[in-house]
Amino acid sequence: MAQNLSRKILAAHLAKPSDLKPGEEIYLKVDQTLTHDINAVMTYLAFEAIGLDRTQVETSVSYLDHNLLYLDHKTPDDHIYLQSAAKKFGVYVSRPGNGICHAVQAARFGAPGKLSLGGDSHTPHGGSMGMLCIGVGGMDITTAMTGVPMRLKMPQIIRVNLTGRLRPGCSAKEVILEMLRRNTVKGGLGKIYEYTGPGAAMLEVSDRVTITNMGAEMGATTSIFPADDMVRKFMKAQGREEEFTELYPDQGCSYDGEIEIDLSSLEPLIACPHQPDRVTTVREVEKRKVQQVLMGGCTNGSYKDIAKAALVLKGHHVHEDVSCTCVVSSKQIYKQLMRDGYIEMLLDAGVRLLELACGPCCAIGQSPATDGVAVRTTNRNFKGRAGNPTAQVYLVSPETAAACAVTGTFSTAEEIMGERVHELLAVEEPEAYPVDDSMMIKPLPKEEAAKIQIVRGPNIAPLPVPDAPDQRLECKVSLKAADNITTDDITPASAEFSSMRSNIPLMSQYCYHRYDPGFAARAKELGKSIIIGGDNYGQGSSREHAAINPMYLGVKAVIAKSMARIHKGNLVNHGIIPMLFEDPGDYDRIDQMDELEIGHLRDEIPTRQVTVTDKTKGFTFKARLELSDDEVEVVLCGGQLRYLKKKLQEGS
């Protein structure tokens, strides 16, 4: 039977037989895991608690790449802990300065046909080279590292047929912004996007990473391209051609849906505040004065992206009213850009080169000014995501960002370069990269690893573990949240807040800090409570702190209209019961501080439907639990850690 590419890889990784029907629970053997510093401490604390002495997957990598702005002792203490834990458990460490996790993982470990889990929502970056790469919460990484198969609700596979060729001044960013314009920030829930067609074949890996990386903004499980000649070229440039395997969908295979995009019809696009699906053309957007431009990041920090931005800036200078910075995604790419003269072009134009780190994308440095307009090539523009809730953040391609930096307003590369814009079509990935893995610490042999002592700074607090739910739950609504609540709303980003994530008692004090500053104190005073959410609750980053912090403050359940995949999984993992309104209209009938009661919670959880009484308003409504059998057991155990310990003790 002819199979599409996604089903081929899933079938090859099945831990239990399955027909791979959309919506069914499947179990998958994992090849690779990755973590990054501001989320990973919880992952390795949980792995310690399990008691195994070594990761059970073929490759696990710990990246120190997000918060390299050491405001005080907390972040360097985290890095020392993570490095010692990695040595203890057989995990690679990518040291600060080596680059952003997704770029380095694809370059140095990525290989067609692999299944990779990452504790970051932009892990699908690696789908650019014929891998299935899925973003999950940290507890899911812990589970994979124990060798327990990953559980996943089988997604629908959607074919995206690309035809034509991108025009000069347009890039792969236009492709993913067009996808967001059509599908919205929740349109990809329960889907894998598989890119095919003659247009896809013309895109290099550095183009594809932008598309697969930002597929997360649609809520997609992941995105993938075939492993074709472009992937072979990329792996050859990395000195790893022997690891290449050609992988295509079979002729005549079927899909669960199809989207057509003619690349030649696209023009420069821009996502307006405060959602990445608020997309229009640069030509049509209202002109505004720009105070800040940020180029690069994991989504658009490739060699090709930065080189094109440099060519737009060549012969020009950054506008005097604009602060323009650039984040190259890896040391390897930075060195190649220096060799080819592009770094000099950026410096001559007045661009400031930042550290090789995630950094400003998650508000670690370069916060915009009060009411400032910022143009960025990163992947998210949620309110407050950049560190300042008053800022207006727009998302564009590197070429467009460079043009905006020159003019101080929204502009395109063609407006700056004129006929020279055709020079951008000639920029290609290098035939060979400088390969230097000296910043990658390899795992120790098992005998040496056993002697390692894990180092804990004073900020690293024990991982809180929730109790199993009681039969009767009676508590108040501590928060009624609007639609599209992000994990940034729940657990704010920034260098300061990110440095607190190893200390849940401290971090929890800032839960919902920007959205509702009184939430933490209110929830703590209530002792136990329920959160009411709107549509797409928990979209955005995979950070499991957005589940751990409410759990620590006594939140027992979230009842929402709809919920983002990764956040829903994190709630289950950390003992908060995710529920959906049977009738979304009931959302409007409930107010903050209403008293709710579920009289037979433990009995009703296995039925996937609970009866909730609003004792304040005097009405009853139904909520459903879209949970698998395993997830029901996890919830009844009080979270994934208790469940995992139980299963490992049982030897199952």
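This is a predicted model: local features need pLDDT of at least 70, side-chain atom pairs count only at pLDDT 80 or more; totals for chains, interfaces and linings use all residues.
**View 1. Looking into the largest pocket.** The space here comes to about 950 Å³. Its lining is made up of 42 residues, and the ones nearest the centre are E25, R151, L152, K153 and E631. Several elements give two or more residues each, among them strands β1 (25-28), β7 (150-153) and β23 (577-581), along with helices α5 (138-145), α23 (629-637) and α24 (640-650). The biggest giver is α21, with 6 residues. Sort the lining of this pocket by class and you get 19 nonpolar, 11 polar and 12 charged residues.

View 2. Around the largest cavity sit 29 lining residues, with A103, A107, S330, Q332 and I333 nearest its centre. The class breakdown for the largest cavity is 13 nonpolar, 10 polar and 6 charged.

**View 3. The second largest cavity.** This one has a volume of about 210 Å³. Its lining counts 20 residues, and A216, G219, G540, A564 and I566 are nearest the centre. Helix α21 turns up again here, giving the largest share of the lining of the second largest cavity with 3 residues. By class, the residues around the second largest cavity split into 7 nonpolar, 10 polar and 3 charged.

**View 4. S478 and its neighbours.** You'll find S478 in strand β20 (residues 473-480). S478 is buried, at 0% relative accessibility. Leaving aside residues up to four places away in sequence, S478 touches F519, R522, A523, L526, S529, I530, I531, V555 and Q592.

**View 5. A tilted ring pair, F497 with Y510.** There are 11 aromatic pairs in the structure. In this one, the rings of F497 and Y510 are 5.1 Å apart centre to centre and tilted, with 55° between the planes. F497 belongs to helix α17 (residues 495-498) and Y510 to the loop between α18 (504-507) and α19 (519-526), so the pair ties together parts 13 residues apart in sequence. F497 is buried at 6% relative accessibility, whereas Y510 is partly exposed at 22%.

**View 6. An edge-to-face pair, Y512 with F519.** Here the ring centres of Y512 and F519 lie 5.1 Å apart, with 65° between the planes, which makes the pair edge-to-face. Y512 is buried, at 0% relative accessibility. F519 is buried as well, with a relative accessible area of 0%. F519 is also one of the residues that S478 touches.

**View 7. A cluster of rings.** F581, Y587, F619 and F621 are joined into a cluster by ring pairs.

How values were computed. Residues are numbered from 1 along each chain as its sequence is written. Side-chain values use heavy atoms; hydrogens and water are left out. On a 1 Å grid over the protein atoms alone, a cavity is a set of points where a 1.4 Å probe fits but cannot get out, and a pocket is an open set with protein on both sides within 12 Å along at least five of seven lines; lining residues have an atom within 4 Å of a point. Grid points are joined across faces, edges and corners, and a volume is the space filled by probe spheres set on the points. Helices (H or I, at least four residues) and strands (E, at least two) are DSSP runs, numbered from the N terminus. Ala, Val, Leu, Ile, Met, Phe, Trp, Tyr, Cys and Pro count as nonpolar, Asp, Glu, Lys and Arg as charged, and the others, Gly among them, as polar. Buried means under 20% relative accessible area, exposed over 50%, partly exposed in between (1.4 Å probe, protein chains only). Contact means heavy atoms within 4.5 Å. Rings of Phe, Tyr and Trp (its six-membered ring) pair if their centres lie within 6.5 Å; planes under 30 degrees apart count as stacked, over 60 as edge-to-face and the rest as tilted.
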